[in-house]
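Here are my notes on this model, point by point. Please read them with the coordinates open.

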Amino acid sequence: MTQLGRRLMGALGILVFIATAAASGSTAGAQPSGDNLKSVAVEAYIYAYPLVTMEMSRRVSTNVAAAANSGSRAPMNQFAFLRTYPDASFTDVVAPNADTLYEILWADVSKEPLVIHIPALDGRYALFPMLSAWTNVFESPGTRTTGDAAQTFAVTGPGWSGTLPAGVREVKSPTGLFWMIGRIYSDGTPEDFAKVHKLQDGMTATPLSQYGKPYTAPAGNVDSAIDMIKPIGEQVNALSGTDFFTIFASMLAQNPPAADDAPAVAKLAQLGITPGQPLDTSKLDPSIVAAMNAAPAAALPRMKAMFTSAGKVQNGWAIFTNLGSYGTNYDLRAFISLIGLGANLPADAIYPATVKPFDGSKNYVIHFASGQMPPAEAFWSLTLYDKRQLFYDNPLNRYVVSQRSSFVKNADGSVDVYVQHASPGAEKEANWLPAPADTFSLIMRIYRPRETPPSIIDGSWTVPPVTPAGQ
């Protein structure tokens with residue numbers, strides 16, 4: 001479902017908010033009190049969490065002078081290309097994958113469109129989803145939607161109108177900030193990486209005013225005050241309530257709320273937050289400041305609890321078939337921003353995730369019956385994450401098992417994947433997914449899930465349980 005038409009631009013958003021408030025008889029800025037005020041602050045925190053997480057991610061990811069030849073960081077409006085899979089030192093995004101090479105672009109189109117070119121894919125699976133500042137996927141070019149041919153399109157921001165050059169189609173972003181998280185599949189060999197590198201080198205991002213002219217991207221601005229080490233999720237969660245809402249308010253002018261967000265915007269007004277206006281917390285009533293600062297401790301456990309309610313739970317796995325486009329499901333949107341910022345649309349990928357953390361002092365096994373590997377038209381993988389939702393540093397540098405793994409099969413053709421801290425033995429090590437000694441979790445990725453049986457979409461295929469070894 002496109003997010004176009006769900007977004008309001010500029011003054012129109014404020015008009016809808018005013019009309020909604022008037023129809024309900026509410027007064028913008030009316031202040032609740034006591035427990036109701038605390039509840040409003042918690043709801044506002046959950047509503048705001050994706051936008052703040054996106055901004056904190058952008059700050060870290062673009063805080064470099066130039067795009068490196070290999071890495072996930074580049075200045076605004078410039079591509080960063082990961083030339084190999086992320087390893088255990090990668091902390092820019094929680095729950096990264098080790099199946100595809102990333103093409104990462106943070107862009108600001110609030111003042112000028114950005115023209116993006118993607119070369120012909122030559123039969124290789126790829127997708128290049130673009131997320132609004134609120135984390136909704138508003139366009140997903142790639143194998144499934146646009147095929148293999150080369151393409152050039154201009155991403156335009158809210159309120160932009162104009163004429164584009166011949167051969168350049170328009171893609172409208174509902175927010176001034178957007179994030180493209182390209183993924184090109186690779187088998188992980190140096191030879192195949194080199195082929196993907198050629199595709200990456202053919203990708204360009206050019207401001208419309210410079211399109212068709214010789215163009216050299218400017219150097220980026222580096223802010224030494226930005227923490228480039230601590231995982232972004234930890235940075236967001238450590239913000240005081242007032243700092244959190246100050247960042248949020250600063251983002252609203254160029255990243256307008258959706259039309260359906262009018263009730264949420266009304267609640268923001270009760271906290272002194274108005275889209276398009278900066279927030280000065282020193283001028284707020286002390287009770288509002290107290291509610292803001294209490295909000296993170298109350299909201300974060302609620303967000304984490306979404307594991308058991310966001311999707312259906314089967315065999316200890318939460319299966320989400322409604323990601324990437326969230327509407328007014330703010331709890332789900334915040335939850336996904338918390339555990340894995342940048343989720344795809346379900347037509348592109350489904351991500352079963354284990355509901356409860358596992359104890360690394362124990363040994364576990366996942367049994368795939370013969371012919372019952374995950375049904376994917378593109379590829380599947382099973383990735384282990386430590387308690388920070390990052391890769392676990394292990395002697396094999398193995399963070400994932402997938403369809404490219406050389407599994408040792410049982411006599412009946414089935415496969416057992418061993419998930420444990422210590423090696424299961426040389427004869428089983430090909431099927432070993434190393435785990436830390438403390439807690440860990442698992443996420444399965446099924447890219448372009450099969451639509452006909454066996455399929456996770458219709459429930460004719462289910463993810464097997466993670467069971468203690470020996471049971």
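1. A nonpolar core here is a set of buried Ala, Val, Leu, Ile, Met, Phe, Trp, Tyr and Cys residues joined through side-chain atoms within 4.5 Å. Buried means under 20% relative accessible area, exposed over 50%, and partly exposed in between, with a 1.4 Å probe and protein chains only. The largest such core has 115 residues. Within it, Phe 178, Phe 245, Phe 248 and Ile 273 touch the most other members. Helix 2 (residues 34–61) supplies the largest share of this core, 15 residues. Another core, of 27 residues, lies apart from it; among its members are Trp 317, Tyr 364, Leu 442 and Met 444.

2. On provenance: the model is predicted, local features need pLDDT of at least 70, side-chain atom pairs count only at pLDDT 80 or more, and totals for chains, interfaces and linings use all residues. Residues are numbered from 1 along each chain as its sequence is written, and side-chain values use heavy atoms, with hydrogens and water left out.

3. Which residues does Phe 178 touch? Contact means heavy atoms within 4.5 Å. Leaving aside residues up to four places away in sequence, the contacts of Phe 178 are Leu 105, Trp 106, Ala 107, Val 109, Ile 116, Met 130, Leu 131, Phe 138, Val 155 and Ser 173.

4. Ile 116 also has a place in a sheet: this residue stands opposite Phe 153 in strand 7. Helices (H or I, at least four residues) and strands (E, at least two) are DSSP runs, numbered from the N terminus. Two strands pair if DSSP finds at least two bridges between them. Strand 3 (residues 114–118) and strand 7 (residues 151–156) are antiparallel, with five bridges. They belong to an open sheet of four strands, order 8-7-3-10, with mixed pairing. Strand 8 (169–172) and strand 10 (204–207) are the edge strands, each pairing on one side only. Neighbouring strands of this sheet are turned by 30° against each other on average, direction ignored. Axes for such angles are lines fitted to C-alpha atoms, for helices over the stretch in contact, and angles run from 0 to 180 degrees between N-to-C directions.

5. Another open sheet of four strands has the order 20-19-16-22, again with mixed pairing. Strand 20 (432–434) and strand 22 (466–468) form its edges; each has a single partner strand, so one side of each lacks a neighbour in the sheet. The twist averages 30° from one strand to the next. Five bridges join strand 16 (residues 364–368) to strand 19 (residues 415–420) in the antiparallel sense. Ile 366 has Val 417 in strand 19 as its bridge partner.

6. Is strand 21 (residues 439–449) largely enclosed or left open? Nine of its 11 residues are buried, so strand 21 is largely enclosed by the rest of the structure. Strand 17 (residues 376–386) runs antiparallel to strand 21 over nine bridges, and Ala 376 stands opposite Pro 449. Strand 13 (residues 349–350) pairs with strand 21 in the antiparallel sense over two bridges, with Ile 350 opposite Ile 446. Strand 15 (residues 358–359) is also antiparallel to strand 21, through two bridges. There, Asp 359 faces Thr 439.

7. Helix 6 (residues 262–270) has Ala 262, Ala 264, Val 265, Leu 268 and Ala 269 buried. Seen down the axis of helix 6, the buried residues fall within an arc of 155° (taken from the directions from the helix axis to the C-beta atoms), so they line one face. Just after helix 6, Gly 272 takes a positive phi of about 85°.
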